Amino acid sequence: MVEIVRRRASTLLTMAGLVMAFSFFSKIFGLVREQVLAAYFGATSEMDAYNIAFYLPNLIRMLLAETTLTSAFIPVFCSYLARKDRENASVVANTVTNLVIVFFTGIPALLYIFAPNIVSILPGLGESPYLFNLTVSMTRIMLPTLLFMSLTGLAGGLLNSYESFGVPALSPVVFNLVIISSVVGLSGRWGILSLGFGVLLGTLGQFVFQLPFLGGKELSYRPVIRLDHPGSRQIFAMAAPLILALGCVQINISVDKIFALTLPGGSVAILNFASLIWYVPLGAFAGAIATVLFPSISRAASLGDVQSLRRFFSLGAREIIYLMLPATAGLMALRVPIVRLIYERGQFDSQATANVALALLCFAVGLLPYSLLGLLNKTFYSMKDARTPLKVALLSIFLNFLFDWILIRYLSFAGLALATSFVGFINFILLLAILRRRIGGVDGRRIANSFLKIVLATLIMMTVAYFSWDYLDAVLGRSTGAQILSLGGGIFAGLTIYTIMSILLEIEEFQHIFTEIRLRMIRGKDETKKVAD
(Lines give C-alpha, C1' and ligand atoms only; values in the text may rest on other atoms or scores of the structure.)
Protein backbone atom coordinates (compact mmCIF):
# COMPACT_ATOMS: atom_id res chain seq x y z
CA MET A 1 0.00 0.00 0.00
CA VAL A 2 2.83 2.40 0.87
CA GLU A 3 4.49 1.74 -2.49
CA ILE A 4 1.19 2.31 -4.31
CA VAL A 5 0.71 5.62 -2.51
CA ARG A 6 4.31 6.59 -3.29
CA ARG A 7 3.86 5.92 -7.01
CA ARG A 8 0.51 7.70 -6.91
CA ALA A 9 2.13 10.68 -5.18
CA SER A 10 4.81 10.79 -7.87
CA THR A 11 2.14 10.93 -10.58
CA LEU A 12 0.24 13.63 -8.70
CA LEU A 13 3.39 15.74 -8.38
CA THR A 14 3.81 15.58 -12.14
CA MET A 15 0.17 16.64 -12.60
CA ALA A 16 0.66 19.41 -10.05
CA GLY A 17 3.67 20.65 -11.99
CA LEU A 18 1.60 20.86 -15.16
CA VAL A 19 -1.24 22.65 -13.37
CA MET A 20 1.25 25.06 -11.76
CA ALA A 21 2.69 25.91 -15.17
CA PHE A 22 -0.76 26.50 -16.68
CA SER A 23 -2.00 28.35 -13.62
CA PHE A 24 1.08 30.55 -13.54
CA PHE A 25 0.61 31.28 -17.24
CA SER A 26 -3.01 32.22 -16.51
CA LYS A 27 -1.99 34.41 -13.57
CA ILE A 28 0.54 36.23 -15.76
CA PHE A 29 -2.27 37.08 -18.15
CA GLY A 30 -4.26 38.20 -15.14
CA LEU A 31 -1.48 40.59 -14.19
CA VAL A 32 -1.30 41.84 -17.78
CA ARG A 33 -5.03 42.51 -17.49
CA GLU A 34 -4.43 44.48 -14.30
CA GLN A 35 -1.61 46.40 -16.01
CA VAL A 36 -4.08 47.44 -18.68
CA LEU A 37 -6.68 48.42 -16.08
CA ALA A 38 -4.12 50.39 -14.08
CA ALA A 39 -2.91 52.22 -17.18
CA TYR A 40 -6.40 53.05 -18.45
CA PHE A 41 -8.21 53.75 -15.18
CA GLY A 42 -5.60 53.98 -12.36
CA ALA A 43 -6.37 53.63 -8.63
CA THR A 44 -9.46 55.85 -8.91
CA SER A 45 -13.00 56.04 -7.60
CA GLU A 46 -14.25 54.61 -10.92
CA MET A 47 -12.18 51.49 -10.28
CA ASP A 48 -13.69 51.36 -6.79
CA ALA A 49 -17.12 51.36 -8.46
CA TYR A 50 -16.08 48.47 -10.72
CA ASN A 51 -14.62 46.45 -7.82
CA ILE A 52 -17.78 46.91 -5.78
CA ALA A 53 -20.06 46.09 -8.73
CA PHE A 54 -18.13 42.95 -9.62
CA TYR A 55 -18.03 41.89 -5.99
CA LEU A 56 -21.80 41.34 -5.78
CA PRO A 57 -22.18 38.73 -8.58
CA ASN A 58 -18.78 37.27 -7.71
CA LEU A 59 -19.85 36.88 -4.08
CA ILE A 60 -23.04 35.01 -4.98
CA ARG A 61 -21.18 32.85 -7.48
CA MET A 62 -18.62 31.81 -4.86
CA LEU A 63 -21.19 31.28 -2.12
CA LEU A 64 -23.71 29.24 -4.09
CA ALA A 65 -21.88 27.79 -7.08
CA GLU A 66 -18.15 27.41 -6.59
CA THR A 67 -18.47 26.14 -3.03
CA THR A 68 -20.94 23.39 -3.87
CA LEU A 69 -19.21 22.37 -7.07
CA THR A 70 -15.62 22.18 -5.89
CA SER A 71 -16.00 21.31 -2.21
CA ALA A 72 -19.27 19.34 -1.97
CA PHE A 73 -19.70 17.97 -5.50
CA ILE A 74 -16.19 16.54 -6.07
CA PRO A 75 -16.03 14.28 -2.94
CA VAL A 76 -19.47 12.80 -3.68
CA PHE A 77 -18.85 12.46 -7.42
CA CYS A 78 -15.40 10.93 -6.85
CA SER A 79 -16.83 8.41 -4.37
CA TYR A 80 -19.01 7.03 -7.20
CA LEU A 81 -16.07 7.04 -9.62
CA ALA A 82 -13.92 5.18 -7.05
CA ARG A 83 -16.59 2.44 -6.93
CA LYS A 84 -16.95 2.55 -10.74
CA ASP A 85 -20.63 3.47 -10.40
CA ARG A 86 -21.00 5.51 -13.60
CA GLU A 87 -24.80 5.59 -13.59
CA ASN A 88 -25.14 7.29 -10.21
CA ALA A 89 -22.23 9.60 -11.01
CA SER A 90 -24.11 10.72 -14.12
CA VAL A 91 -27.34 11.31 -12.18
CA VAL A 92 -25.54 13.51 -9.65
CA ALA A 93 -23.73 15.48 -12.38
CA ASN A 94 -26.97 16.13 -14.31
CA THR A 95 -28.86 17.13 -11.17
CA VAL A 96 -26.24 19.70 -10.20
CA THR A 97 -25.96 21.01 -13.78
CA ASN A 98 -29.69 21.61 -14.12
CA LEU A 99 -29.97 23.20 -10.69
CA VAL A 100 -27.19 25.61 -11.64
CA ILE A 101 -28.97 26.57 -14.87
CA VAL A 102 -32.34 27.13 -13.17
CA PHE A 103 -31.01 28.92 -10.11
CA PHE A 104 -28.51 31.19 -11.83
CA THR A 105 -30.97 32.23 -14.48
CA GLY A 106 -33.51 33.42 -11.92
CA ILE A 107 -31.24 35.17 -9.40
CA PRO A 108 -29.72 37.69 -11.88
CA ALA A 109 -33.23 38.75 -12.90
CA LEU A 110 -34.12 39.59 -9.29
CA LEU A 111 -30.82 41.31 -8.61
CA TYR A 112 -31.21 43.43 -11.73
CA ILE A 113 -34.40 44.89 -10.29
CA PHE A 114 -33.04 45.49 -6.80
CA ALA A 115 -29.50 46.58 -7.74
CA PRO A 116 -30.06 50.25 -6.73
CA ASN A 117 -31.37 49.19 -3.32
CA ILE A 118 -28.39 46.91 -2.70
CA VAL A 119 -25.82 49.51 -3.78
CA SER A 120 -27.47 52.19 -1.66
CA ILE A 121 -26.56 50.23 1.48
CA LEU A 122 -22.84 50.81 0.92
CA PRO A 123 -21.32 53.88 2.65
CA GLY A 124 -19.89 56.77 0.64
CA LEU A 125 -21.47 55.99 -2.73
CA GLY A 126 -24.66 57.93 -2.01
CA GLU A 127 -22.64 61.14 -1.71
CA SER A 128 -21.78 60.98 -5.42
CA PRO A 129 -24.73 60.41 -7.80
CA TYR A 130 -22.29 59.67 -10.62
CA LEU A 131 -20.48 56.91 -8.71
CA PHE A 132 -23.77 55.50 -7.42
CA ASN A 133 -25.29 55.27 -10.91
CA LEU A 134 -22.05 53.91 -12.33
CA THR A 135 -21.94 51.17 -9.71
CA VAL A 136 -25.56 50.22 -10.41
CA SER A 137 -24.95 50.12 -14.18
CA MET A 138 -21.78 48.02 -13.81
CA THR A 139 -23.59 45.64 -11.47
CA ARG A 140 -26.42 45.10 -13.94
CA ILE A 141 -24.06 44.55 -16.86
CA MET A 142 -22.14 41.84 -15.00
CA LEU A 143 -25.05 39.97 -13.39
CA PRO A 144 -25.32 37.35 -16.20
CA THR A 145 -21.77 36.30 -15.33
CA LEU A 146 -23.36 34.41 -12.42
CA LEU A 147 -24.60 31.71 -14.81
CA PHE A 148 -21.48 31.59 -16.97
CA MET A 149 -19.06 31.47 -14.01
CA SER A 150 -21.15 28.77 -12.33
CA LEU A 151 -21.15 26.60 -15.46
CA THR A 152 -17.41 27.20 -15.78
CA GLY A 153 -16.94 25.97 -12.20
CA LEU A 154 -19.08 22.90 -12.89
CA ALA A 155 -17.14 22.03 -16.05
CA GLY A 156 -13.85 22.46 -14.19
CA GLY A 157 -15.08 20.31 -11.29
CA LEU A 158 -16.07 17.50 -13.66
CA LEU A 159 -12.74 17.64 -15.47
CA ASN A 160 -10.81 17.64 -12.17
CA SER A 161 -12.79 14.62 -10.95
CA TYR A 162 -11.52 12.75 -14.00
CA GLU A 163 -8.02 14.04 -13.19
CA SER A 164 -8.00 16.37 -16.16
CA PHE A 165 -6.50 19.50 -14.60
CA GLY A 166 -4.81 21.40 -17.41
CA VAL A 167 -7.83 22.83 -19.24
CA PRO A 168 -9.53 24.36 -16.15
CA ALA A 169 -6.18 25.84 -15.12
CA LEU A 170 -5.67 27.36 -18.57
CA SER A 171 -9.22 28.61 -19.16
CA PRO A 172 -8.73 31.94 -17.29
CA VAL A 173 -6.42 32.99 -20.14
CA VAL A 174 -9.54 33.27 -22.32
CA PHE A 175 -11.27 35.36 -19.65
CA ASN A 176 -8.32 37.76 -19.38
CA LEU A 177 -7.75 38.08 -23.13
CA VAL A 178 -11.39 39.07 -23.70
CA ILE A 179 -11.26 41.71 -20.93
CA ILE A 180 -8.02 43.18 -22.26
CA SER A 181 -9.43 43.35 -25.79
CA SER A 182 -12.63 44.99 -24.56
CA VAL A 183 -10.83 47.69 -22.55
CA VAL A 184 -8.29 48.48 -25.27
CA GLY A 185 -10.87 48.48 -28.04
CA LEU A 186 -13.90 50.05 -26.35
CA SER A 187 -12.75 52.23 -23.45
CA GLY A 188 -12.41 55.25 -25.73
CA ARG A 189 -16.14 55.08 -26.43
CA TRP A 190 -17.62 53.53 -23.29
CA GLY A 191 -15.02 54.33 -20.62
CA ILE A 192 -15.08 52.07 -17.54
CA LEU A 193 -18.24 50.33 -18.84
CA SER A 194 -16.03 48.58 -21.40
CA LEU A 195 -14.55 46.68 -18.46
CA GLY A 196 -17.99 45.46 -17.39
CA PHE A 197 -18.81 44.18 -20.88
CA GLY A 198 -15.37 42.54 -21.06
CA VAL A 199 -16.03 40.62 -17.85
CA LEU A 200 -19.42 39.47 -19.19
CA LEU A 201 -18.02 38.19 -22.49
CA GLY A 202 -14.92 36.78 -20.81
CA THR A 203 -16.89 34.53 -18.48
CA LEU A 204 -18.90 33.21 -21.41
CA GLY A 205 -15.71 32.49 -23.37
CA GLN A 206 -14.13 30.72 -20.40
CA PHE A 207 -17.07 28.30 -20.16
CA VAL A 208 -17.26 27.60 -23.91
CA PHE A 209 -13.49 26.90 -23.96
CA GLN A 210 -13.90 23.90 -21.60
CA LEU A 211 -16.91 22.28 -23.29
CA PRO A 212 -15.06 20.27 -26.00
CA PHE A 213 -12.85 18.63 -23.38
CA LEU A 214 -15.83 17.12 -21.54
CA GLY A 215 -16.42 14.78 -24.45
CA GLY A 216 -15.49 11.15 -23.84
CA LYS A 217 -15.91 11.38 -20.05
CA GLU A 218 -18.70 8.74 -20.03
CA LEU A 219 -21.26 11.40 -19.17
CA SER A 220 -24.34 12.40 -21.13
CA TYR A 221 -26.54 15.40 -20.45
CA ARG A 222 -30.12 14.72 -19.39
CA PRO A 223 -32.68 17.35 -18.32
CA VAL A 224 -33.34 15.72 -14.94
CA ILE A 225 -33.21 16.95 -11.34
CA ARG A 226 -33.15 14.12 -8.78
CA LEU A 227 -33.34 15.80 -5.39
CA ASP A 228 -34.17 12.46 -3.77
CA HIS A 229 -30.96 10.78 -4.95
CA PRO A 230 -28.55 9.80 -2.10
CA GLY A 231 -25.67 11.62 -3.81
CA SER A 232 -27.75 14.75 -4.23
CA ARG A 233 -28.76 14.63 -0.56
CA GLN A 234 -25.10 14.27 0.46
CA ILE A 235 -24.16 17.31 -1.61
CA PHE A 236 -26.99 19.39 -0.16
CA ALA A 237 -26.12 18.28 3.38
CA MET A 238 -22.56 19.53 2.86
CA ALA A 239 -23.59 22.59 0.86
CA ALA A 240 -25.33 24.45 3.68
CA PRO A 241 -22.35 24.55 6.08
CA LEU A 242 -20.00 25.08 3.12
CA ILE A 243 -21.98 28.09 1.95
CA LEU A 244 -22.01 29.47 5.47
CA ALA A 245 -18.27 28.86 5.89
CA LEU A 246 -17.37 30.61 2.65
CA GLY A 247 -19.97 33.21 3.52
CA CYS A 248 -17.91 33.98 6.62
CA VAL A 249 -14.85 34.50 4.44
CA GLN A 250 -16.79 36.80 2.14
CA ILE A 251 -18.21 38.67 5.12
CA ASN A 252 -14.61 39.30 6.19
CA ILE A 253 -13.75 40.62 2.74
CA SER A 254 -16.90 42.75 2.74
CA VAL A 255 -15.97 44.19 6.13
CA ASP A 256 -12.50 45.02 4.78
CA LYS A 257 -14.01 46.82 1.79
CA ILE A 258 -16.52 48.71 3.94
CA PHE A 259 -13.73 49.87 6.24
CA ALA A 260 -11.71 50.85 3.13
CA LEU A 261 -14.63 52.95 1.86
CA THR A 262 -14.19 55.17 4.93
CA LEU A 263 -10.63 55.96 3.80
CA PRO A 264 -9.58 58.38 1.00
CA GLY A 265 -10.72 57.48 -2.53
CA GLY A 266 -8.82 54.68 -4.23
CA SER A 267 -8.20 52.64 -1.06
CA VAL A 268 -10.36 49.75 -2.28
CA ALA A 269 -8.43 49.73 -5.56
CA ILE A 270 -5.09 49.76 -3.69
CA LEU A 271 -6.08 46.67 -1.70
CA ASN A 272 -7.40 45.02 -4.86
CA PHE A 273 -4.22 45.66 -6.87
CA ALA A 274 -2.06 44.31 -4.03
CA SER A 275 -4.22 41.23 -3.44
CA LEU A 276 -4.06 40.32 -7.14
CA ILE A 277 -0.27 40.08 -6.98
CA TRP A 278 -0.53 38.17 -3.68
CA TYR A 279 -2.92 35.72 -5.27
CA VAL A 280 -0.56 34.76 -8.12
CA PRO A 281 1.59 32.35 -6.06
CA LEU A 282 -1.39 31.41 -3.90
CA GLY A 283 -3.50 30.35 -6.88
CA ALA A 284 -0.77 29.11 -9.18
CA PHE A 285 1.29 27.05 -6.71
CA ALA A 286 -0.64 26.28 -3.51
CA GLY A 287 -3.95 26.15 -5.35
CA ALA A 288 -2.52 23.77 -7.95
CA ILE A 289 -1.30 21.31 -5.32
CA ALA A 290 -4.60 21.37 -3.40
CA THR A 291 -6.59 21.00 -6.63
CA VAL A 292 -4.59 17.99 -7.83
CA LEU A 293 -4.59 16.24 -4.44
CA PHE A 294 -8.29 16.86 -3.68
CA PRO A 295 -9.72 13.99 -5.79
CA SER A 296 -7.13 11.53 -4.40
CA ILE A 297 -7.75 12.63 -0.82
CA SER A 298 -11.50 12.32 -1.45
CA ARG A 299 -11.10 8.77 -2.80
CA ALA A 300 -8.95 7.77 0.20
CA ALA A 301 -11.52 9.25 2.59
CA SER A 302 -14.45 7.55 0.84
CA LEU A 303 -12.68 4.17 1.14
CA GLY A 304 -11.75 4.76 4.80
CA ASP A 305 -8.02 4.68 4.04
CA VAL A 306 -6.78 7.07 6.74
CA GLN A 307 -3.14 6.15 6.22
CA SER A 308 -3.22 7.19 2.56
CA LEU A 309 -5.18 10.33 3.43
CA ARG A 310 -2.51 11.27 5.98
CA ARG A 311 0.29 10.65 3.51
CA PHE A 312 -1.35 12.72 0.77
CA PHE A 313 -1.94 15.59 3.22
CA SER A 314 1.67 15.48 4.42
CA LEU A 315 2.93 15.44 0.83
CA GLY A 316 0.78 18.44 -0.06
CA ALA A 317 1.72 20.42 3.06
CA ARG A 318 5.45 19.90 2.54
CA GLU A 319 5.35 20.77 -1.15
CA ILE A 320 3.30 23.90 -0.39
CA ILE A 321 5.80 25.00 2.26
CA TYR A 322 8.70 24.38 -0.12
CA LEU A 323 7.12 26.59 -2.78
CA MET A 324 5.34 29.23 -0.72
CA LEU A 325 8.00 30.22 1.82
CA PRO A 326 10.37 31.49 -0.88
CA ALA A 327 7.39 33.07 -2.68
CA THR A 328 6.53 34.93 0.54
CA ALA A 329 10.12 36.08 0.99
CA GLY A 330 10.33 37.14 -2.64
CA LEU A 331 7.18 39.27 -2.42
CA MET A 332 8.47 40.93 0.74
CA ALA A 333 11.97 41.65 -0.55
CA LEU A 334 11.02 42.70 -4.09
CA ARG A 335 7.56 44.17 -3.52
CA VAL A 336 8.41 47.68 -4.75
CA PRO A 337 10.06 46.70 -8.07
CA ILE A 338 7.32 44.11 -8.67
CA VAL A 339 4.53 46.66 -8.22
CA ARG A 340 6.43 49.32 -10.18
CA LEU A 341 7.01 47.02 -13.15
CA ILE A 342 3.46 45.67 -13.24
CA TYR A 343 1.41 48.81 -12.59
CA GLU A 344 3.35 52.08 -12.73
CA ARG A 345 2.30 53.69 -16.00
CA GLY A 346 -0.43 56.02 -17.18
CA GLN A 347 -2.65 57.09 -14.27
CA PHE A 348 -0.76 54.85 -11.84
CA ASP A 349 2.03 57.01 -10.33
CA SER A 350 4.90 56.44 -7.88
CA GLN A 351 2.72 57.20 -4.85
CA ALA A 352 0.27 54.52 -5.95
CA THR A 353 3.24 52.13 -6.28
CA ALA A 354 4.33 52.86 -2.71
CA ASN A 355 0.79 52.35 -1.39
CA VAL A 356 0.22 49.07 -3.21
CA ALA A 357 3.68 47.80 -2.20
CA LEU A 358 2.90 48.49 1.46
CA ALA A 359 -0.41 46.63 1.21
CA LEU A 360 1.37 43.77 -0.58
CA LEU A 361 3.89 43.49 2.26
CA CYS A 362 1.07 43.11 4.78
CA PHE A 363 -0.76 40.57 2.63
CA ALA A 364 2.46 38.58 2.14
CA VAL A 365 2.70 37.97 5.89
CA GLY A 366 -0.28 35.62 5.59
CA LEU A 367 0.63 33.93 2.31
CA LEU A 368 1.87 30.64 3.81
CA PRO A 369 -1.01 30.07 6.28
CA TYR A 370 -3.59 30.84 3.59
CA SER A 371 -1.80 28.43 1.23
CA LEU A 372 -1.98 25.63 3.80
CA LEU A 373 -5.52 26.62 4.78
CA GLY A 374 -6.74 25.69 1.30
CA LEU A 375 -5.34 22.17 1.68
CA LEU A 376 -6.73 21.85 5.23
CA ASN A 377 -10.23 22.85 4.17
CA LYS A 378 -10.24 20.41 1.25
CA THR A 379 -9.07 17.62 3.56
CA PHE A 380 -12.04 18.22 5.86
CA TYR A 381 -14.38 18.42 2.86
CA SER A 382 -13.01 15.12 1.52
CA MET A 383 -14.14 13.54 4.81
CA LYS A 384 -17.56 15.13 4.17
CA ASP A 385 -17.06 17.38 7.19
CA ALA A 386 -17.98 20.96 6.40
CA ARG A 387 -19.03 21.87 9.93
CA THR A 388 -15.55 22.11 11.41
CA PRO A 389 -14.28 24.70 8.88
CA LEU A 390 -17.58 26.53 9.40
CA LYS A 391 -17.07 26.83 13.17
CA VAL A 392 -13.56 28.20 12.67
CA ALA A 393 -14.79 30.58 9.97
CA LEU A 394 -17.49 31.94 12.27
CA LEU A 395 -14.83 32.80 14.84
CA SER A 396 -12.86 34.59 12.12
CA ILE A 397 -15.70 37.09 11.55
CA PHE A 398 -15.34 38.50 15.02
CA LEU A 399 -11.54 38.46 14.89
CA ASN A 400 -11.42 40.10 11.46
CA PHE A 401 -13.75 42.93 12.52
CA LEU A 402 -11.72 43.44 15.69
CA PHE A 403 -8.38 43.52 13.86
CA ASP A 404 -9.79 45.83 11.14
CA TRP A 405 -11.21 48.22 13.73
CA ILE A 406 -7.92 48.40 15.64
CA LEU A 407 -5.35 48.38 12.83
CA ILE A 408 -7.08 50.84 10.46
CA ARG A 409 -6.64 53.52 13.13
CA TYR A 410 -2.86 53.16 13.03
CA LEU A 411 -2.01 51.73 9.59
CA SER A 412 -4.89 52.88 7.34
CA PHE A 413 -5.43 50.49 4.37
CA ALA A 414 -2.27 48.54 5.31
CA GLY A 415 -3.93 47.65 8.60
CA LEU A 416 -6.79 45.99 6.71
CA ALA A 417 -4.33 43.84 4.75
CA LEU A 418 -2.45 42.93 7.93
CA ALA A 419 -5.72 42.00 9.66
CA THR A 420 -6.41 39.57 6.82
CA SER A 421 -3.05 37.90 7.43
CA PHE A 422 -3.61 37.61 11.19
CA VAL A 423 -6.98 35.94 10.67
CA GLY A 424 -5.37 33.46 8.25
CA PHE A 425 -2.80 32.46 10.86
CA ILE A 426 -5.44 31.81 13.51
CA ASN A 427 -7.67 29.81 11.14
CA PHE A 428 -4.72 27.67 10.04
CA ILE A 429 -3.55 26.87 13.58
CA LEU A 430 -7.03 25.88 14.77
CA LEU A 431 -7.86 23.66 11.79
CA LEU A 432 -4.44 21.94 11.86
CA ALA A 433 -4.87 21.09 15.56
CA ILE A 434 -8.34 19.66 14.93
CA LEU A 435 -7.23 17.62 11.89
CA ARG A 436 -4.26 16.25 13.81
CA ARG A 437 -6.60 14.85 16.48
CA ARG A 438 -9.10 13.63 13.89
CA ILE A 439 -6.74 11.45 11.82
CA GLY A 440 -4.19 10.57 14.49
CA GLY A 441 -1.42 12.95 13.42
CA VAL A 442 -0.37 14.70 10.25
CA ASP A 443 3.20 13.42 9.93
CA GLY A 444 4.21 16.50 11.93
CA ARG A 445 7.83 15.55 12.61
CA ARG A 446 8.53 15.11 8.91
CA ILE A 447 6.80 18.41 8.09
CA ALA A 448 8.70 20.26 10.85
CA ASN A 449 12.05 18.87 9.69
CA SER A 450 11.42 20.08 6.15
CA PHE A 451 10.13 23.43 7.43
CA LEU A 452 13.32 24.26 9.34
CA LYS A 453 15.53 23.45 6.36
CA ILE A 454 13.32 25.47 4.01
CA VAL A 455 13.37 28.48 6.36
CA LEU A 456 17.18 28.55 6.30
CA ALA A 457 17.31 28.23 2.52
CA THR A 458 14.64 30.93 2.16
CA LEU A 459 16.46 33.49 4.34
CA ILE A 460 19.61 33.12 2.26
CA MET A 461 17.58 33.30 -0.96
CA MET A 462 15.78 36.45 0.21
CA THR A 463 19.05 38.24 0.96
CA VAL A 464 20.68 37.29 -2.34
CA ALA A 465 17.57 38.22 -4.37
CA TYR A 466 17.23 41.68 -2.81
CA PHE A 467 20.87 42.73 -3.09
CA SER A 468 21.14 41.34 -6.63
CA TRP A 469 18.14 43.43 -7.68
CA ASP A 470 19.43 46.49 -5.81
CA TYR A 471 22.80 46.32 -7.58
CA LEU A 472 21.28 45.83 -11.04
CA ASP A 473 18.71 48.57 -10.44
CA ALA A 474 21.47 51.06 -9.59
CA VAL A 475 23.49 50.09 -12.66
CA LEU A 476 20.73 49.72 -15.28
CA GLY A 477 18.27 52.47 -14.33
CA ARG A 478 14.48 52.53 -14.45
CA SER A 479 13.42 52.11 -18.06
CA THR A 480 10.92 49.29 -18.64
CA GLY A 481 13.56 47.07 -20.18
CA ALA A 482 15.99 47.83 -17.35
CA GLN A 483 13.34 47.05 -14.74
CA ILE A 484 12.66 43.68 -16.39
CA LEU A 485 16.38 42.88 -16.39
CA SER A 486 17.04 43.99 -12.81
CA LEU A 487 13.95 42.30 -11.35
CA GLY A 488 14.51 39.20 -13.45
CA GLY A 489 18.15 39.14 -12.37
CA GLY A 490 17.19 39.35 -8.70
CA ILE A 491 14.62 36.57 -9.06
CA PHE A 492 17.06 34.38 -11.01
CA ALA A 493 19.80 34.88 -8.42
CA GLY A 494 17.38 34.04 -5.63
CA LEU A 495 16.07 30.89 -7.34
CA THR A 496 19.61 29.75 -8.12
CA ILE A 497 20.78 30.05 -4.53
CA TYR A 498 17.56 28.42 -3.30
CA THR A 499 18.21 25.43 -5.57
CA ILE A 500 21.81 25.18 -4.36
CA MET A 501 20.72 25.36 -0.72
CA SER A 502 18.05 22.71 -1.39
CA ILE A 503 20.79 20.36 -2.60
CA LEU A 504 23.21 21.16 0.23
CA LEU A 505 20.54 20.81 2.94
CA GLU A 506 19.10 17.70 1.26
CA ILE A 507 15.58 19.08 1.31
CA GLU A 508 13.27 16.14 0.59
CA GLU A 509 10.70 18.12 -1.38
CA PHE A 510 13.32 19.28 -3.88
CA GLN A 511 14.57 15.72 -4.22
CA HIS A 512 11.00 14.59 -5.05
CA ILE A 513 10.79 17.10 -7.88
CA PHE A 514 14.34 16.46 -9.14
CA THR A 515 13.91 12.67 -9.03
CA GLU A 516 10.63 12.83 -10.92
CA ILE A 517 12.16 15.02 -13.63
CA ARG A 518 15.17 12.70 -13.93
CA LEU A 519 12.99 9.57 -14.18
CA ARG A 520 10.87 11.13 -16.88
CA MET A 521 13.97 12.11 -18.84
CA ILE A 522 15.26 8.52 -18.56
CA ARG A 523 11.90 7.14 -19.68
CA GLY A 524 11.91 9.56 -22.59
CA LYS A 525 15.39 8.43 -23.67
CA ASP A 526 14.40 4.75 -23.37
CA GLU A 527 11.28 5.29 -25.49
CA THR A 528 13.32 7.18 -28.09
CA LYS A 529 15.87 4.34 -28.18
CA LYS A 530 13.13 1.73 -28.64
CA VAL A 531 11.69 3.69 -31.56
CA ALA A 532 15.16 3.99 -33.11
CA ASP A 533 15.78 0.24 -32.70
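The points below go from the whole chain to single residues.

This is a predicted model: local features need pLDDT of at least 70, side-chain atom pairs count only at pLDDT 80 or more, and totals for chains, interfaces and linings use all residues. Residues are numbered from 1 along each chain as its sequence is written, and side-chain values use heavy atoms, with hydrogens and water left out.

**Whole chain**
- The chain has 19 helices and zero strands. Helices (H or I, at least four residues) and strands (E, at least two) are DSSP runs, numbered from the N terminus.
- Of the 533 residues in the chain, 53% are buried. Buried means under 20% relative accessible area, exposed means over 50%, and partly exposed lies in between (1.4 Å probe, protein chains only).
- Among contacts in the chain with a separation of 6 or more, 85% join residues 24 or more positions apart. Contact means heavy atoms within 4.5 Å.

**Helices H5 and H8**
- The axes of H5 (residues 145-161) and H8 (residues 193-210) come within 8 Å and cross at roughly 25°. Axes are lines fitted to C-alpha atoms, for helices over the stretch in contact, and angles run from 0 to 180 degrees between N-to-C directions.
- H5 and H8 are therefore roughly parallel to each other. Angles under 35 degrees count as roughly parallel, over 145 as roughly antiparallel, 65 to 115 as roughly perpendicular and the rest as oblique.
- On the H5 side, the contact includes Phe148, Met149 and Leu151. On the H8 side, it includes Val199, Leu200 and Phe207.
- The contact residues divide into nine nonpolar, six polar and no charged. Ala, Val, Leu, Ile, Met, Phe, Trp, Tyr, Cys and Pro count as nonpolar, Asp, Glu, Lys and Arg as charged, and the others, Gly among them, as polar.

**Helix H14**
- H14 (residues 367-382) has 16 residues, which should span 22 Å at 1.5 Å a residue. Its end C-alpha atoms are 23 Å apart, which agrees. The expected span is 1.5 Å times one less than the number of residues.
- H14 is mostly covered, with 14 of its 16 residues buried.
- Lys384 follows H14 and has a positive phi, near 60°.

**Positive phi in loops**
- Ser412 is not a glycine, yet its phi is positive, about 55°. Ser412 sits in the loop between H15 (387-411) and H16 (413-438). Its relative accessible area is 26%, so Ser412 is partly exposed.
- Glu506 is not a glycine either, and has a positive phi of about 55°. The loop holding Glu506 runs between H18 (480-504) and H19 (508-532). Glu506 counts as exposed, at 53% relative accessibility.
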